[in-house]
Amino acid sequence: MTSRMSASNTTPHSHGLWRIQHAGAVTCIGTSAWQSAASWAGMQKRMRKLVVAAVSPHPVTIAPCPEITEGAQDTPRLAKLLGAALADLVADLQARPANDPVALPRRILLAVPQRLSADDATALWRQTLAALERWAGPQASAPLIDIPCTPVFGGHGAGYAALQSLGTPTSANDHALLCAVHSLLDETTLVQAHAQSALLTDSRPHGRISGEAAAALLLRAAADTYYRDDRHLVLHAPALARGAGPHRLPQQQADAAPLAQVLRGALDGAGWKEEHVGCAVSDFDGSDWRAAIQIMARARLDGSFQPDTWEPAAMTGQVGAATGPLHWALAAQRLRHDARPPNSILSWALDEGEEVAAVALERTIRIQSTRNAYPIHSGNGAATQTFSARFLQSKES
């Protein structure tokens, strides 16, 4: 069975928490999630100018993953990317402590571009497992063959929709694999974007930098956000919406209402106030239309909404359906390696079409008192303890 992003307004929240136990990713700036996060933090761009005859006689700026996608063409580009991200996830699993056993996921959600059909997605997953076997051996791919894989189709909101499709964990030991992949570098996509004046060129300073990426997150059910074994990020329920029309139309007045709606929905779903957001992770890439919408949407929130701004797209380019899971994988790596890791993150994506999505991520905290906790009540009446607040930054380094 396949699913596509709902065309309704903000979708209802479930209150199950998913902890990012392990993460893998590949981008133009790194062949692993850790390398990509380090390159992003260090502002190390790896973008190219390329002349595509079918697009334009003038070069366009792109952000490819040459170490992953170049070479033999027997494997499709998307399968190479996703297989490499899964291999990076496997490497992270193998580095875990011996006393930290890993359960197999019970289900797999795969966020893929809207242009694919259900049959295309099925073939992609089969090709991905074959690519994973070449990257990491049959012991890595064999356990995943018989696990149900459900594709979720969309643009920048596809990964958020896939997270929502997971819903509430089914048990205390529930595990799920959330994957996402996209390449905006195929000729047809570049031709369409150029016709819409959407690509960055020497004469167009506010166009998109087309990129490609893949991410794989092993998620584990979390009853709350207590620190137990190690620092992790916990994903709250996402908020999804659609605008009345495409966001990126130069002649169209910017509509900030859908983005403001999902930002508010993500905050409410996590039980946060605006001042509890320590970092904002968006797919902002310098485009005028994104800037206008984001500025107006943020202005609709309380004036205390002044988080640090993280913008991975400035390094990786736009990566479509891979946007959400990729940004969460990079944030999870920064949590592990940054000298001052974040406590709370608000992540959002604004598609060039109608999609818009947001989700709150929260660092697990070891804390003795629950006096500052925000209880989130799940559907069965049980309370989930969360601790997102900037004031907790001084509680634990």
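## Surface and overall make-up

The protein exposes about 15900 Å², of which carbon and sulfur atoms supply 51%; accessible areas come from the Shrake-Rupley method with a 1.4 Å probe, and for residues only the protein chains shown count as cover. The model is predicted, so local features need pLDDT of at least 70 and side-chain atom pairs count only at pLDDT 80 or more, while totals for chains, interfaces and linings use all residues. Residues are numbered from 1 along each chain as its sequence is written, and side-chain values use heavy atoms, with hydrogens and water left out.

Eleven helices and 16 strands are present in the protein; helices (H or I, at least four residues) and strands (E, at least two) are DSSP runs, numbered from the N terminus. Of the 397 residues, 58% are buried, where buried means under 20% relative accessible area, exposed over 50%, and partly exposed in between (1.4 Å probe, protein chains only). Among contacts between residues at least 6 apart in sequence, 81% join residues at least 24 apart; contact means heavy atoms within 4.5 Å.

## Nonpolar cores

The largest nonpolar core has 83 residues, and those with the most contacts inside it are Ile20, Leu86, Trp125, Leu163, Leu219 and Trp328. Such a core is a set of buried Ala, Val, Leu, Ile, Met, Phe, Trp, Tyr and Cys residues joined through side-chain atoms within 4.5 Å. Helix α3 (residues 77-94) contributes the largest share of this core, eleven residues. Another core, of 24 residues, lies apart from it and includes Leu301, Trp348, Leu350 and Val356.

Leaving aside neighbours within four places in sequence, Leu219 is in contact with residues including Trp18, Arg19, Ile20, Leu163, Leu166 and Leu235.

## Helices α1 and α11

Helix α1 (residues 33-41) packs with helix α11 (residues 323-337) at an angle of about 80 degrees, and their axes are 9 Å apart. Axes are lines fitted to C-alpha atoms, for helices over the stretch in contact, and angles run from 0 to 180 degrees between N-to-C directions. The angle makes α1 roughly perpendicular to α11; angles under 35 degrees count as roughly parallel, over 145 as roughly antiparallel, 65 to 115 as roughly perpendicular and the rest as oblique. On the α1 side, Ala33, Trp34, Ser36, Ala37, Trp40 and Ala41 meet Leu330, Gln333, Arg334 and His337 of α11. The residues of this contact divide into six nonpolar, three polar and one charged. Ala, Val, Leu, Ile, Met, Phe, Trp, Tyr, Cys and Pro count as nonpolar, Asp, Glu, Lys and Arg as charged, and the others, Gly among them, as polar.

Ser39 also belongs to helix α1 and, at 8% relative accessibility, is buried. Beyond residues up to four places away in sequence, Ser39 touches Ile29 and Gln44.

Most residues other than glycine have a negative phi. Met43, in the loop between α1 and β3 (48-50), has a positive phi near 55 degrees and is exposed, with a relative accessible area of 56%. Ser197 likewise has a positive phi of about 55 degrees; Ser197 is found in the loop between α7 (187-195) and β8 (210-222) and is partly exposed at 33%.

His194 is found in helix α7 and counts as partly exposed at 21% relative accessibility.
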